[in-house]
Amino acid sequence: MQLALILCVTACTSQSKFFDTLDYKKDWDTIQSGLPAYPQPENLLEFDAGPAANLRYFIDAKSISVDEKRVIRYSMVAQSPQGASNVSYEGLRCETRERKRYATGNNDTRTWVRADISEWQPLERVSQLQAQRELAKFYFCPRGLVVGSSAEAIRALKAGVHPMAIR
């Protein structure tokens with residue numbers, strides 16, 4: 001009985017709440033200083049967002065980072081066939097298959113604007129996150145593992161798939 005109680009207490013205390021180092025309890029000015037430069041066309045790497053995608057999707061190679069908590073952050077550009085684009089700065093957590101949007105881009109001023117909703121969302125529950133699901137599954141989180149570096153993520157994007165991903 002005592003052993004079961006000790007194991008339960010140990011398990012409960014070892015599960016710490018996840019705090020996002022980029023924005024946890026920080027004001028926008030502080031968060032903004034940690035954002036990457038606005039994406040430049042020469043740094044964009046296109047990726048396949050799946051057969052249902054109506055847009056073209058790109059990741060800014062210069063913006064990719066993997067932090068100590070294994071969060072992969074990147075700038076993504078979604079472009080319509082007519083050339084209009086949406087820009088966002090996001091994070092992926094492979095361990096929990098979640099995504100978070102930190103900022104959206106203002107294409108006129110080429111600056112970041114705080115995202116209206118900035119919370120971790122399960123990739124599987126939001127139908128609009130098809131591109132992020134494909135990005136996680138085939139490039140950044142193959143088989144549920146997280147890429148070890150931005151260089152590894154860039155290699156996967158350039159190759160069209162991570163070598164550990166199953167197509």
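This is a predicted model: local features need pLDDT of at least 70, side-chain atom pairs count only at pLDDT 80 or more; totals for chains, interfaces and linings use all residues.
Residues are numbered from 1 along each chain as its sequence is written, and side-chain values use heavy atoms, with hydrogens and water left out.

Let me begin with the disulfide. Taking a disulfide as a pair of cysteine sulfur atoms within 2.5 Å, the count comes to 1 disulfide. The partners are Cys 94 and Cys 141, with their sulfur atoms 1.9 Å apart, and the link is left-handed, with -65° about the S-S bond. Cys 94 sits in the loop between β5 (85-93) and β6 (98-106), while Cys 141 sits in the loop between α3 (130-140) and α4 (150-159), so the pair ties together parts that are 47 residues apart in sequence. The element names come from DSSP runs numbered from the N terminus, helices being H or I with at least four residues and strands being E with at least two. Both Cys 94 and Cys 141 are buried, where buried means under 20% relative accessible area, exposed means over 50%, and partly exposed lies in between, with a 1.4 Å probe and protein chains only.

Now to the salt bridges. In general, side chains of opposite charge can pair when their charged atoms come close. The criterion here is a side-chain nitrogen of Lys or Arg within 4 Å of a carboxyl oxygen of Asp or Glu, and the structure holds 8 salt bridges.

One of them joins Asp 20 and Arg 73, whose closest N and O atoms are 2.4 Å apart. This pair links distant parts of the chain, with Asp 20 in the loop between α1 (2-14) and α2 (28-33) and Arg 73 in strand β4 (residues 71-79), 53 residues apart. Asp 20 is buried at a relative accessible area of 4%, and Arg 73 is buried at 5%. Asp 20 and Arg 73 also belong to a network of salt bridges that links them with Asp 67 and Lys 100.

A further salt bridge is formed by the side chains of Glu 46 and Arg 56, at 2.9 Å from N to O. Glu 46 lies in strand β1 (residues 44-47) and Arg 56 in strand β2 (residues 56-60), so this pair ties together parts that are 10 residues apart in sequence. Glu 46 is partly exposed, at 39% relative accessibility, and Arg 56 is partly exposed as well, with a relative accessible area of 41%.

Glu 90 and Arg 101 form another salt bridge, with their closest N and O atoms 3.8 Å apart. Since Glu 90 lies in strand β5 and Arg 101 in strand β6, the pair ties together parts that are 11 residues apart in sequence. Glu 90 is buried, with a relative accessible area of 0%, whereas Arg 101 is partly exposed, with 29%.

I turn next to the helices. Which residues of α3 meet α4? Leu 135, Tyr 139 and Phe 140 in α3 meet Ala 153, Ala 156 and Leu 157 in α4, contact being heavy atoms within 4.5 Å. The residues of this contact divide into 6 nonpolar, no polar and no charged, on a scheme that counts Ala, Val, Leu, Ile, Met, Phe, Trp, Tyr, Cys and Pro as nonpolar, Asp, Glu, Lys and Arg as charged, and the others, Gly among them, as polar. The two helices, α3 and α4, pack at an angle of about 100°, with their axes 9 Å apart; here axes are lines fitted to C-alpha atoms, for helices over the stretch in contact, and angles run from 0 to 180 degrees between N-to-C directions. Therefore α3 and α4 are roughly perpendicular to each other, as angles under 35 degrees count as roughly parallel, over 145 as roughly antiparallel, 65 to 115 as roughly perpendicular and the rest as oblique.

Finally, some single residues. Ser 75 lies in strand β4 and is buried, with a relative accessible area of 0%. Leaving aside residues up to four places away in sequence, Ser 75 touches several residues, among them Pro 36, Pro 39, Phe 58 and Trp 112.

Arg 97, in the loop between β5 and β6, has a phi near 50°, a positive value in a residue other than glycine. Arg 110, in the loop between β6 and β7 (111-114), has a positive phi of about 55° although it is not a glycine. Arg 97 is partly exposed, with a relative accessible area of 30%, and Arg 110 is partly exposed, with 39%.
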